[in-house]
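The following exercises concern the structure shown below. Please work through each task before reading its solution.

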Amino acid sequence: MEKIECDYCGAVLEGEEAEDPRMVDNLPVCDDCYKEHFQFFCPMCQEYQDIEGDQNHMFIHEEMAEEQGMEAGIYRIKECPWFISDMFSMTVIKENVERIADLRDDLLECGQGDYICNNCIERKGGG
Ligand SMILES: [Zn+2]
Ligand SMILES: [Zn+2]
């Protein structure tokens with residue numbers, strides 16, 4: 001069998017990856033690169049979800065809310081970009097986001113502010 005290499009990192013795909021590689025613009029991409037470039041980790045369901053179509057919500061917890069002068073909660077992203085960042089800090093563009101729900105306990109343990117997939121938004125309410 002011909003060797004299949006990841007278009008991003010050049011790693012040779014093996015096993016299941018090689019049998020049914022993820023394709024981006026008709027080029028094979030390894031799972032790691034796919035996750036890095038095309039997916040995000042949803043802290044609520046603990047699963048990787050596609051950025052395209054699923055990355056419409058995020059949450060901001062107390063600490064970050066204070067920094068940004070916002071209210072902690074779950075936000076819908078109305079328009080991208082929804083933040084400006086440099087190497088040291090990020091600033092939320094408040095006009096581009098909309099608060100839709102309170103923070104839930106299970107989110108308090110997860111990160112600073114992160115994306116939540118649509119499934120979780122629908123399943124646990126808030127939209
Ligand atoms: Zn790769
Ligand atoms: Zn989720």
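**Exercise 1.** Identify the bridge partner of Phe-41 in S4, and describe the pairing of strands S3 and S4.

*Solution.* Step one: Phe-41 has Tyr-48 as its bridge partner in S4. Step two: strand S3 (residues 39-42) and strand S4 (residues 47-50) run antiparallel and share four bridges; strands are DSSP runs (E) of at least two residues, helices (H or I) of at least four, numbered from the N terminus, and two strands pair if DSSP finds at least two bridges between them. Step three: four residues lie between the strands of this hairpin, and Gln-46 takes a positive phi near 60°.

**Exercise 2.** State how reliable the predictor considers the chain.

*Solution.* The model is predicted; local features require pLDDT of at least 70 and side-chain atom pairs pLDDT 80 or more, while totals for chains, interfaces and linings use all residues. Residues are numbered from 1 along each chain as its sequence is written, and chains are lettered from A and ligands numbered from 1 in the order in which they are written. The mean pLDDT (the predictor's confidence in each residue, from 0 to 100) is 88, with 90% of residues at 70 or more. Confidence is lowest in helix H5 (residues 105-108), mean 69, and highest in strand S2 (residues 27-29), at 96.

**Exercise 3.** Determine which elements give two or more residues to the largest nonpolar core.

*Solution.* First, the core has 12 residues, among them Phe-59, Ile-74, Tyr-115 and Ile-121; a nonpolar core is a set of buried Ala, Val, Leu, Ile, Met, Phe, Trp, Tyr and Cys residues joined through C-beta atoms within 7 Å. Finally, buried residues (20 or more other C-beta atoms within 10 Å of their own, C-beta atoms being placed from the backbone) make up 17% of the 127 residues.
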